[in-house]
Structures are given as structure tokens and as C-alpha cells.
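Morning, everyone. Please open the viewer and follow along.

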Amino acid sequence: MYNSKITGLGYYVPENIVTNNDLSSIMDTSDEWIQDRTGIKERRWIDPKTDDTTSTMAVKASKIAIDRSGLEKKDIDFIIFATLSPDMYFPGGGVQVQDMLNMSTIGALDVRNQCSGFIYAMSVADQFIKTGMYKNILVIGAENHSGALDKSTRGRGVSVIFGDGAGAAILSRSEVKGKGILSSHLHSEGKHARELMMDGPSTVRWVPEILAENDSEDQSYYPYMNGQLVFKNAITRFSEVIMEGLDLNNLQKEDIDMLIPHQANLRIAQFIQKRFKLSDDKVYNNIMKYGNTTAASVIIALTEAWEQGKIKENDLVVLAAFGSGFTWGSVIIRW
Ligand code: UT7
């Protein structure tokens, strides 16, 4: 069995900055409410006049990651793309990246696990590398939320939270034992599927049905979130899945050098930080700048933390996420 390690990281966010005050000019909200409840100060939303989409942002992030890995595109054996907001209903974003990067006919897999998408994608990539099937895998998390949010006061409970962006990692084969991805841990609880979801358009709620109803109050084609239930489950599941990873590797809380939590809410991250007794320099948060970018959030945060020199050789890095499904997971890395 081989090991897998991260050899390249990159991210891209749209240039268009949307502040909380910008939002309060289009809906009944305030900078104070958003900062108090979430920690968010601003987010990036795609300017429709640009060519940014989920897949083009993914391509921009991927180019940086491939470049930094020292590999060439021809060395990449497989693409795994996590998103809940692909450019098209089908096919998924993986094949678009394969085409836009002009790569050979390598396989491309799409992962639909929302906020946990990047964690699931890393875990899948790790298994392919461990078995020897692939040597280098491009793993992407990218989202275009702004295209599908209800930006009126009716949607304020959701729309102020989410932002657009993309991140990419190259996972490569390594023969060094005890380094790279040590383990990954994946969970789900589908009974909560409707607590954070978007109902339509879907095969059970297709466009003609929505149009026939002609209901101006219909919110089924906007994301819905039972915020308080999600919050409560998040703090429990984050803690459990981080502990699960530490226990499996005979590690303690004190061994964590850097925790990268999914950027859902600064209050959730702070709760976890306190529970694990981690100092400020051992948790990386950027939700203040980007909001919640779902499948992109962990990889954007990991890339930023690494770019800022906050992750060093041999550090124990823990990635963890929780979200729609519910799904949650962690990845334990010896850098
Ligand atoms: O990434 C996926 C995982 N997602 C999460 O982990 C999110 C978890 N949940 C949360 O982060 C929080 O529940 C939210 C930030 C979404 C909401 O915070 P909350 O403290 O749970 O607020 P709430 O939904 O209970 O709403 C409190 C009040 C309501 O008014 P009333 O009924 O008390 O009069 C809302 O209508 O705040 C109102 N409200 C707003 N007010 C101003 C809701 N959204 C807004 C808004 N601006 N944007």
C-alpha cells in the first residue's frame, strides 16, 4: 500500500466583493446581525459580466495547484470535483475541467456531499492512491452560490451566509510511511436531508410543475436551512469526527498543530476551538472574508493557511466539515 500526500494547493475567488452593508441595501439585514451571528464581514459573489462559473473558477484554482506541485497536466491521472452548484444539471463539473484544462481522457468523478464534499473527495482520492490505481489526482471544491440565492428579505436567513469560490489540491503517491494522509472518516445521517436542502428543480419537482403552480411565494427552488438544528448538530458532529480521527491514530487534542474547520459559522469554529483547547494560531478561519463557500471552504482555507506559512513540515493538520445531508467527515494529515 502506498501513502498519499498533498503536493500542490491553489484557490481562486471572484473579484467582486459584497459587504454586509451592500446586502443591507437590497434586503432587511444589517452588518451587526450578520457579524454577530456568523462572523462574516464580506463575501465574493460572481459578477455575471465576468466569465466566472463553478467550473471556470475550478480551472483557475487547479492551474495554480498543478503548477505548485511541479507536475505537468499529463501527469494527472484522475479528477475528483466536489460541488453542489455545477454549471449544468448534468454532466458534472469534472468533465468540464478535463476539457478546459485540455487534459487527456482521464476519468472525472463528481462528488455531491455539499459542505463535506471536499473531505469526501480527499478520502476517495486517498483510496485510489493507496491501492496504487492512480499516482496523482486533482481534487477540487468549487461553488457558485450567488447564482441561486433568494436575495430578497425572504431569503436573508440563507443568502447572507454563502459565497462563491474554488480551491484545488493535488494528491500524489508517496512511499514515506507516517506522512501525508493518515486517515479519513466519513459519516451521514439522511434523516436530516430536508433540514438543509434545495428541493427543485429536481426529478420529483421538475420545471413544468413549478411553472404550472405559478406561485410567487414558492421557495422550493431556493436553498432552505433549519439554521438552529444544523448549528446544534454541527458542533456535536465536528467534535466527534475530529476525535475519531485522533483516536484512530493514537493522537491527543494537544497534538493538533492546525485545525481547518469548514467555514460555516465563526461561532461553530470558536466552539470547537474551545472544546479542543486550541490556541488561536492552531485554527484557521477566513469566513470573515469569504462567507460559507460549501465544498470550496476547507480547501480555500487550507491553501491560505499554507500560503501564510502557518503549516510546516511534520505538522499535524486536521480538516473537518459538516453540512447538508447531513454529512460530515475529517481528514488527518501529517504534513
Ligand atoms: O455549511 C452548512 C452548515 N451550515 C451551518 O452550519 C449553519 C448553522 N446555523 C447558523 O449558522 C445559524 O443558525 C444562522 C447564522 C444561520 C442563523 O442564526 P440564528 O442565531 O440561528 O438565527 P435565527 O435563524 O434563529 O433567526 C433569529 C432572528 C429571526 O427573527 P425573529 O424570528 O427572532 O424575529 C430571523 O428572522 O433573526 C432573523 N434573521 C435575520 N435578521 C437580520 C434571519 N436572518 C437574518 C438576517 N438579517 N440576515
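First, a term: two strands pair if DSSP finds at least two bridges between them. Strands themselves are DSSP runs of E, at least two residues long, and helices are runs of H or I, at least four residues long, with numbering from the N terminus. With that, look at Ile-260: it stands opposite Leu-319 in strand 12. Strand 11 and strand 12 (residues 316-323) run parallel and are joined by 4 bridges.

Some ground rules. This is a predicted model, where local features need pLDDT of at least 70, side-chain atom pairs count only at pLDDT 80 or more, and totals for chains, interfaces and linings use all residues. Residues are numbered from 1 along each chain as its sequence is written, and side-chain values use heavy atoms, with hydrogens and water left out.

Now the overall layout. The protein is divided into domain 1 (3-174) and domain 2 (180-334). Those bounds come from an automatic or database domain assignment. The C-alpha centres of the two domains lie 14 Å apart. Across the boundary, 54 residues of domain 1 are in contact with 53 residues of domain 2. Contact means heavy atoms within 4.5 Å.

What order do the strands take in the open sheet of 5 strands? The order is 1-7-6-4-5, and the pairing is mixed. Strand 1 (3-12) and strand 5 (107-111) are the edges, each pairing on one side only. From one strand to the next, the twist averages 20 degrees. Inside this sheet, strand 4 (residues 78-82) pairs with strand 6 (residues 136-143) in the parallel sense, over 5 bridges. Find Phe-81 there: it stands opposite Ile-140 in strand 6.

There is also an open sheet of 4 strands, ordered 8-13-12-11, again with mixed pairing. Strand 8 (180-188) and strand 11 (258-261) stand at its edges with a single partner strand each, so one side of each has no neighbour in the sheet. Neighbouring strands here are turned by 10 degrees against each other on average, direction ignored.

Now the helices. A word on angles: axes are lines fitted to C-alpha atoms, for helices over the stretch in contact, and angles run from 0 to 180 degrees between N-to-C directions. Helix 3 (residues 54-69) lies across strands 1, 4, 6 and 7, at about 125 degrees to strand 1. Helix 5 (residues 117-130) lies across strands 1, 4, 5, 6 and 7, at about 170 degrees to strand 6. Helix 5 also lies across strand 8, strand 12 and strand 13 (327-334), at about 130 degrees to strand 8.

On to the ligand. Which residues are closest to it? They are Thr-29, Arg-37, Gln-228, Asn-265 and Asn-292, out of 22 residues that surround the ligand. A residue counts as near if one of its heavy atoms lies within 4 Å. A polar side-chain atom of Gln-228 lies 2.6 Å from a ligand oxygen. For Asn-292, a side-chain N or O atom is 2.6 Å from an oxygen atom of the ligand. For Arg-156, that distance is 3.1 Å.

Last, some backbone details. A cis peptide bond joins Phe-90 and Pro-91, with omega about -5 degrees. Pro-91 lies in the loop between strand 4 and helix 4 (93-100). The bond from Gly-325 to Phe-326 is cis too, with omega near -15 degrees. Phe-326 is in the loop between strand 12 and strand 13.

Conventions:
A polar contact is a pair of N or O atoms within 3.5 Å; within protein, one must be able to donate a hydrogen and the other to accept it, and residues adjacent in sequence count only if both atoms are side-chain atoms.
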